[in-house]
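Work through the exercises below with the sequence and the model at hand. Try each task before reading its solution.

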Amino acid sequence: MQATQFDLPGVDISWCPGCGDFKILDSIKLALTELALTPLDVVVVSGIGQAAKTPHYMRSHFFNGLHGRALSNATAIKAANPSLEVIAVGGDGDMYGEGGNHFLHTVRRNPGITNLVFNNMVYGLTKGQASPTSQVGFRTPVQVDGVHSQPFNPLATALVLGAGFVARANAGDVEETKDIIKQAINYRGYALVDIFQPCVSFNKVNTYAWFKENTYWLEGHDEKDFERALALSVSDAPYPLGVLYRGTERTTFEGSLAAYRLDDTPLFRRGARREALKEIIGYMSV
């Protein structure tokens, strides 16, 4: 791993040795560096969980909120300052479980943010319960007979809700993951990257070897083909990796706000319109 300006020297990282989060952190920092962004350009937003600790371990702006609320906070930050590159990070439990409703409506709103989900198919922070993406039959200390519910499919859900950029990566493939993150950041609109990531402590099924054996990288895929992307998103193992869908960019949530219709300057950079304020106060005093 090469040094980057997003490194935070001396930080005490609490992830387990061998955790896939380390490789995703490397991929994020490399992607930001290769895009010539600086720590002042970027804000990383998270909720609660092991993946949600990511912004604590890199040099940039960050906001750490409530469990499952990363996307709503990220949307607000982007609306307040559209000049920032806003990246919402979290695990499959945080984003698709506690934050499931926010996930659905963020896709619909289309804010210009990048959503990276560290998908290890288990709750790691709370020591191994099944998550929304755990596979049927997966046994845990809580689900002792195995998981009965069908796993949540984030890619298919995002596609049918109108997401313009939908991709999947594997944490073990740092170069490929880095390249997909760069593409997601460059996409003007909501961009989802679901990243398969082994939990070495609490998921002994979906390991590095399992993800390697049960995935393949797409070759020659037409990223504009929505029907093909949808078919790929619901296919069983081996699971496709890469950009499944890249649609035409459309008006973002922040771009549709009245405050930016005539002027894209962030509100906090605009001078106070004292005459307008006096006029409003005048109307109120009549």
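This is a predicted model: local features need pLDDT of at least 70, side-chain atom pairs count only at pLDDT 80 or more; totals for chains, interfaces and linings use all residues.

**Exercise 1.** Describe the largest nonpolar core and find which element gives the largest share of it.

Solution. 
- Step 1: This core holds 31 residues, and Ile28, Leu32, Leu116, Phe165 and Val193 have the most contacts inside it.
- Step 2: Two or more residues each come from the helices α1 (20-34) and α6 (174-186) and from the strands β1 (42-46), β3 (85-91), β4 (114-119), β5 (165-170) and β6 (191-196).
- Step 3: α1 gives the largest share, five residues.

**Exercise 2.** Which residues does leucine 32 contact, leaving aside neighbours within four places in sequence?

Solution. 
- Step 1: With those neighbours set aside, the contacts of leucine 32 are Phe6, Leu37, Val42, Met58, Ile87 and Ile185.

**Exercise 3.** Work out whether α1 is parallel, oblique or perpendicular to α6, and list the residues where they meet.

Solution. 
- Step 1: The two axes come within 8 Å and cross at roughly 50°.
- Step 2: Angles under 35 degrees count as roughly parallel and 65 to 115 as roughly perpendicular, so α1 is oblique to α6.
- Step 3: The crossing of α1 past α6 is right-handed.
- Step 4: From α1, Lys23, Ser27, Ile28, Leu30, Ala31, Leu32 and Glu34 meet Val174, Thr177, Lys178, Ile181, Lys182 and Ile185 of α6.
- Step 5: Sorted by type, the residues of this contact are seven nonpolar, two polar and four charged.

How values were computed
Residues are numbered from 1 along each chain as its sequence is written. Side-chain values use heavy atoms; hydrogens and water are left out. A nonpolar core is a set of buried Ala, Val, Leu, Ile, Met, Phe, Trp, Tyr and Cys residues joined through side-chain atoms within 4.5 Å. Buried means under 20% relative accessible area, exposed over 50%, partly exposed in between (1.4 Å probe, protein chains only). Helices (H or I, at least four residues) and strands (E, at least two) are DSSP runs, numbered from the N terminus. Contact means heavy atoms within 4.5 Å. Axes are lines fitted to C-alpha atoms, for helices over the stretch in contact, and angles run from 0 to 180 degrees between N-to-C directions. Angles under 35 degrees count as roughly parallel, over 145 as roughly antiparallel, 65 to 115 as roughly perpendicular and the rest as oblique. A crossing is left-handed if the near helix is turned anticlockwise from the far one by less than a right angle, and right-handed if clockwise. Ala, Val, Leu, Ile, Met, Phe, Trp, Tyr, Cys and Pro count as nonpolar, Asp, Glu, Lys and Arg as charged, and the others, Gly among them, as polar.
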